[in-house]
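I opened the model and noted what I looked up. The entries follow in the order I made them.

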Amino acid sequence: MIKTILILLKRFAKPYKKLVATNFLCNILATIFSLFSFATIIPVLQILFNVTTDRHEFQTWEFTNVNDFLALAKNNIFWKIEQIIDTSGATTALMWLGLFLVVTTFIKTGTSYLASITLVPVRTGVLRDLRNQIYNKILNLNIGYFTEERKGDIISRMTGDVVEVEASIISSLEMIFKNPIMILVYFITLFTISWKLSVFVLVLLPVSGAIINRIGHNLKHKSLDGQIQTGEMVSQIDETLGSLRVVKAFNAESKLMEKFSALNNKLRKTLTYINLKYLLAHPTSEFLGTVVIAILLLYGGWLIIGHQGGLDAADFIYYLVIFYCIIPPFKELSKATYSVHKGLASLQRIDEVLNAQNPLDNGKQQQISEFKESIEVKDVWFKYREQWVLKNVSLTIPKGKTIAIVGQSGSGKSTLVDLLPRFYDVIEGSIAIDGINIKDLNTKSLRGLMGNVNQESILFNDTFFNNIAFGVEHATQEEVEAAAKIANAHEFIMNTDEGYQTKVGDRGCKLSGGQRQRISIARAILKNPPILILDEATSALDTESERLVQSALENLMKNRTTIVIAHRLSTIKSADEICVMCDGEIVERGRHEELIKLNGQYKKLCDMQSF
C-alpha cells in the first residue's frame, strides 16, 4: 500500500512539490508545538497535587545527544518553574503555564491551518490536470477506438470516475501528508518517555492494522464493479436521450424502464456493499484503539505500581495523552487506506483511456502544406472486424478533377473516403498523396488539406459564427458571411434574433435538416481546402434547398479536387469520373455517358431512380 501511495504522489503531486514541501514543514511544526502544549500537563499536575518534592538545579545548556538534551531541557524548565513558585507563588506559575499553553496552541493551530490551505491548490490542480489529460487523450485517439467503446461509458469515466478519484485519492492526500508525520513524531516522543511501554504498543498496533486491512481487502474490486455499472447506466441514459422519437413511436417506454430499473438496482446493491465496508473502517479502528489503550493502562499501571518503568504518575498521564493523540491520525490513516482502495478502481478505468494506444500515431512527422499532383489509392483492403469492407480497391484522383463514388448502401463508399484523412488505416495496400504514403505524413497537416461535408450534419451548441469558423483561426465576420452566402445560409441566419451570434442548440436542434447541412457546407467553404470530400452533402436537403446548395457546391468545386459520394445520381452527371462500388469493389468506372452505354450496375441505379 505504501508503494502505491508513493507512486500516486509522484504521479499527481510532482508539479506541486513546493506546496507539498511547505505542507510537510507546517505539519512537522504543528506536531512539535502540540507536544509542547501537552507537556504543560506534567508541571500543572505536579503543582496542583504536589506529587513531587524534588528540587532541580540549573545546568549549563549543551548538546551531546538527543536524550541528554531533552533531559537537560526538562531539568531547566522545572528549575525555572520552581523559581517562579518560590518568588511569586504557585498561582503565578500556573498562570505562566496557561499562557504558554495558549501561545503554543495558537502556533500549532496556525501552522496546521497553513498546512491545510497549501494542499487546496494541489487538490484542485491535480483534478484539473487529470480532466485535461483525459479530454486531450480522447481528442488524440483514433476514431476506431470509439467504435469499440460505448459513448456513455467514456462520459462516465470523464465525470463519475474523475470525481471518485478526487473524493477518494486526492482527498486522502491531506491525510497521507499529515498523519504519518504526526504518528512518527509522537512515537519518537513516546520512546523517549518510556521505551518499554512503546515496544508494547508496537506489538499491539500492527495486529489492529492487519485486521483493518483485511476488512478493506476486496474494496477495490467491488468499487471497480460499481464504476463499470455506472458506465452502463450512463450509456443507457445517453442512448435513451438520443432515441426518444423511436422509443415513443414504438411504445417501448416500459421496456426501457424495466432495463434501466434492473441496472439501477444492480448498482444499488454494489454501492450498498461498498459503503457498508467503507463505514466499517471508523468504528473498527476506534474500537481497536480503545482496546489498545485499555491494555496500555493495565500494563503502564503495573509498571508504575511496581516501580519498574522509571515513570511517575504525571509522566504516565503525559504518555497516555500523547498516545491518545496517535489514535485520531491512525484512524484517519486507516480511513484513507479505504479511500485509496476505493479510488484506485476509478483510477484504473481512467488509465485504460490514458494508456490507450493510437495505432495511427507512428511517430512520422513529415509535413505537407500543398497538394500538387494526385491521390493514388493502390490495392487497398480494409475491414473493421472479420469481414472485408474494401477489397483490392485502386483509384487515381488527379488534381483538379471531380471523382464521384456511387453504389448501394454498404458497398464501402464512406469507408473509402474515411481512409483518405486517416480516420482509419488501410490493412493492405497503400494511399499516397503526391507520391508520399499518407502513413508517413503528419496527420494534422494531412487533414489540413481536406474539407469534409458529411451526410450527418454535425454542429456544436454554439453560435452560427463559431460553427462556421470552427477549425479556422482568426476568421473575420466578413469571411464568415461570405462563406454563408455561397452556401445560401446567410438569409436564414440573419432572420434569427441575434444573427450570427444566435446559438443553434444541441447538435443544431433549433435548425431544420437543410439549414444544418448548409452551415456544414459554409464551414467547408471557409476552410477553402484543396481537397474536398462530400459524403452525401445534399441528402438532407429538400428540392429547393438542394438546388440552391448544388449551385454553390459547383462553384466551390471548380479548380478543386473533389471526391463526391452521392445517392442522387443527378448531382454527379458532370463528374470527371464515376466509380461504381458493389460489395467493397469498384465494378465500373467512367463518365456518365460511358457508364450508361455499358448497360451495367450504373445504368441499373439510374433506371431505379428514374422510376
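I looked up Gly514 and found it in helix α19, residues 513-527; helices here are DSSP runs of H or I with at least four residues, numbered from the N terminus. The model is predicted, so local features need pLDDT of at least 70 and side-chain atom pairs count only at pLDDT 80 or more, while totals for chains, interfaces and linings use all residues. Residues are numbered from 1 along each chain as its sequence is written, and side-chain values use heavy atoms, without hydrogens and water.

Is Gly514 buried or exposed? Gly514 is buried, at a relative accessible area of 6%; buried means under 20%, exposed over 50%, and partly exposed in between (1.4 Å probe, protein chains only). I then took the C-alpha separation of Gly514 and Ala489, which is 9.6 Å for 25 residues along the chain.

Next I checked helix α11, residues 253-279. Its 27 residues reach 38 Å from first C-alpha to last, close to the 39 Å expected, where the expected span is 1.5 Å times one less than the number of residues. I listed the buried residues of α11 as Leu263, Leu267, Thr270, Ile274 and Lys277. Residues three or four places apart in an α-helix point the same way because there are 3.6 residues a turn.

Last, I looked at Val203 and Lys14. Val203 is found in helix α8 and is exposed, with a relative accessible area of 54%. Lys14 lies in the loop between α1 (2-12) and α2 (17-39) and is also exposed, at 56%.

Note on methods
Helix = DSSP H or I, 4+ residues; strand = E, 2+ residues; numbered from the N terminus.
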